[in-house]
Amino acid sequence: MTGSAPLSTPDHADYMAAREPVLTAEHVTIDYQAERPVRAVDDVSLVLNRGEILGLAGESGCGKTTLAYGINRLLKPPAILRSGAVTLHDKNGADIDVVGLVDEDLRKFRWDKTSMVFQGAMNALNPVLSVKAQLSDVFTTHRPSMSKQERQAASEELLSLVGVDPARLTAYPHELSGGMRQRVMIAMALALKPQVMIMDEPTTALDVVVQRGILREVMRLREQFNFAVIFITHDLPMLLEISDRIAVMKAGRIVEINTSENIYERPQHDYTKQLLRSFPSLLGDRGGFVRGKEEAHVARG
Ligand SMILES: Nc1ncnc2c1ncn2[C@@H]1O[C@H](COP(=O)(O)OP(=O)(O)OP(=O)(O)O)[C@@H](O)[C@H]1O
């Protein structure tokens, strides 16, 4: 079944032409083979650019998480990638057929080339291991040639990068606040300098001030390391503020894709208009919109 192409504006093509893709998904279809099979993602094609933050928007159950996980080979049964192709355009110049990866190659791809931070991530830390042991473990597994001293130095650097005092390396997860634990998870996701990172509601469980601090850090790190982010959240105002582009999903399809500015200023699809209307803070005289040029600068600074 082939769907119609997502709506956009002509300048979106110019935006794309000026950028380098890091990941291309073509005609991806994903089903859940439950008692009643569900087609969660329906013939989706998508290009993610190097260093870009792509927001996925759409109501609950429209397939955002399934799409993001599917194109990064993170699906678990009963989900099945029914059809489609996914290519990671590695920075070393090679094109990796993501769907075809197995065993060791798949394991390496997952932390090395792509990584993820999800909502419950901060509770995914092992409670009986120190932060140091958990960060070191990533290096021991994926960079076996690193010495103990190198692992220690790299772990300290990672904590500094995400705004946690390296002295906290010896701490156990219960000794850290929720925000700090989430920062540690971001540090782990960054450890091997992946080219694509999935963030699925990464700050939803945190209070607004902590959320903004972490997002600012992510924006800064993205500038520094040029990884691309697929960002999923129900918070559309936040998504508009941090994303370079937004793909709007409805019932397993991308119905519209464009720069955040265009999604906000010139929505093409009725569903996008409806989504924007469902956030009263985005409406009014439109003067109150947070993603003015200066504001965006502050958020990225
Ligand atoms: N394990 C599962 N078994 C069966 N169906 C599932 C399973 N997980 C998700 N689905 C279905 O797949 C569809 C897409 O779900 P998905 O979680 O990707 O949507 P989403 O847009 O990320 O939603 P949310 O914003 O609530 O996280 C939904 O209809 C959902 O009910």
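**Figure 1. Buried residues of helix H4 in the predicted model.** Val131, Gln134, Leu135, Ser136, Val138 and Phe139 are the buried residues of H4; buried denotes 20 or more other C-beta atoms within 10 Å of a residue's own, with C-beta atoms placed from the backbone. These buried residues pack against helix H3 (103-113), helix H5 (148-161) and helix H6 (178-190). Helices (H or I, at least four residues) and strands (E, at least two) are DSSP runs, numbered from the N terminus. This is a predicted model, in which local features need pLDDT of at least 70 and side-chain atom pairs count only at pLDDT 80 or more, while totals for chains, interfaces and linings use all residues. Residue numbers start from 1 along each chain as its sequence is written.

**Figure 2. Span of helix H4.** The end C-alpha atoms of H4 (residues 131-142) lie 17 Å apart, which agrees with the 16 Å that its 12 residues should span at 1.5 Å a residue. The expected span is 1.5 Å times one less than the number of residues.

**Figure 3. Shell around the ligand.** Of the 13 residues around the ligand, Tyr32, Ala40, Ser60, Thr65 and Thr66 come nearest; a residue is near if its C-beta atom, placed from the backbone, lies within 6 Å of the molecule. Strand E2 (38-49) and helix H2 (64-70) each supply at least two shell residues, and H2 gives the most, with 3 residues. By class, the shell has 6 nonpolar, 6 polar and 1 charged residues. Nonpolar covers Ala, Val, Leu, Ile, Met, Phe, Trp, Tyr, Cys and Pro, charged covers Asp, Glu, Lys and Arg, and the others, Gly among them, count as polar.

Note on methods:
A residue is buried if 20 or more other C-beta atoms lie within 10 Å of its own, exposed if 12 or fewer, and partly exposed in between; C-beta atoms are placed from the backbone. Two residues are in contact if their C-beta atoms, placed from the backbone, lie within 7 Å.
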